[in-house]
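User: I have a structure open and would like to go through its packing with you. Could we begin with the interior?
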Amino acid sequence: MKFKFRNLGPIEETELDLHPLTIIIGPNNSAKTYIAYSLYGILKHLRTNYDSYSEIKSLLHKESDTTFSVKKDELIEKLKSIFEAETKKFKKHLTFFFQDSSRKLFSKTDYELLIEDQEIDTAISTVISGMRKGLSLEVHYDE
């Protein structure tokens, strides 16, 4: 998963590729804290905004009490559009998130979440395998 930042403090534009361990280093006043707080805020916003995720339910087709099917491409596209929309919503909250009373520091800041289809596919497979261990629920991909 990659995040692209534009006009974030002294940063004109940068792209950050997140991994299980990502270390941000640099001199003082180089926007390391802005990047870290922004990542935290965006990811927290995505994790806690379940309202949009109810849209995913419309893609599931019930085959039995414990079996659902979903078209993989449709699911991936829906998830990507939700992530994009929620990232844009977070941008509107930047002045509050960073306590910018002037409302000028982040007026030109822009974020973009860049996520590959394979990353979503891997995450879905992980969730499904976890569900299978705890529940008798099966999800089949329709290609």
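User: Which residues have the most contacts inside the largest nonpolar core?
Analyst: This is a predicted model. Its largest nonpolar core has 27 residues, and those with the most contacts inside it are F5, I35, L75, L79, F83, Y111 and I120.
User: Which elements give two or more residues to this core?
Analyst: They are strands β1 (2-8), β2 (11-17) and β5 (110-114), together with helices α1, α3 and α5 (117-134). Helix α3 gives the most to this core, with 6 residues.
User: Turning to the helices, how do the axes of α1 and α3 cross?
Analyst: The axes of α1 (residues 32-48) and α3 (residues 72-91) come within 9 Å and cross at roughly 125°. The crossing of α1 past α3 is right-handed.
User: Which residues make the contact?
Analyst: From α1, the contact is made by S38, G41, I42, H45 and L46; from α3, by F83, E86, T87, K89 and F90. These residues divide into 4 nonpolar, 4 polar and 2 charged.
User: What about L46: buried or exposed?
Analyst: L46, which is found in helix α1, has a relative accessible area of 9% and is therefore buried.
User: And how far is L46 from I82?
Analyst: Their C-alpha atoms are separated by 8.9 Å, while the two residues are 36 residues apart along the chain.

Methods
Residues are numbered from 1 along each chain as its sequence is written. This is a predicted model: local features need pLDDT of at least 70, side-chain atom pairs count only at pLDDT 80 or more; totals for chains, interfaces and linings use all residues. Side-chain values use heavy atoms; hydrogens and water are left out. Axes are lines fitted to C-alpha atoms, for helices over the stretch in contact, and angles run from 0 to 180 degrees between N-to-C directions. Helices (H or I, at least four residues) and strands (E, at least two) are DSSP runs, numbered from the N terminus. A crossing is left-handed if the near helix is turned anticlockwise from the far one by less than a right angle, and right-handed if clockwise. Contact means heavy atoms within 4.5 Å. Ala, Val, Leu, Ile, Met, Phe, Trp, Tyr, Cys and Pro count as nonpolar, Asp, Glu, Lys and Arg as charged, and the others, Gly among them, as polar. A nonpolar core is a set of buried Ala, Val, Leu, Ile, Met, Phe, Trp, Tyr and Cys residues joined through side-chain atoms within 4.5 Å. Buried means under 20% relative accessible area, exposed over 50%, partly exposed in between (1.4 Å probe, protein chains only).
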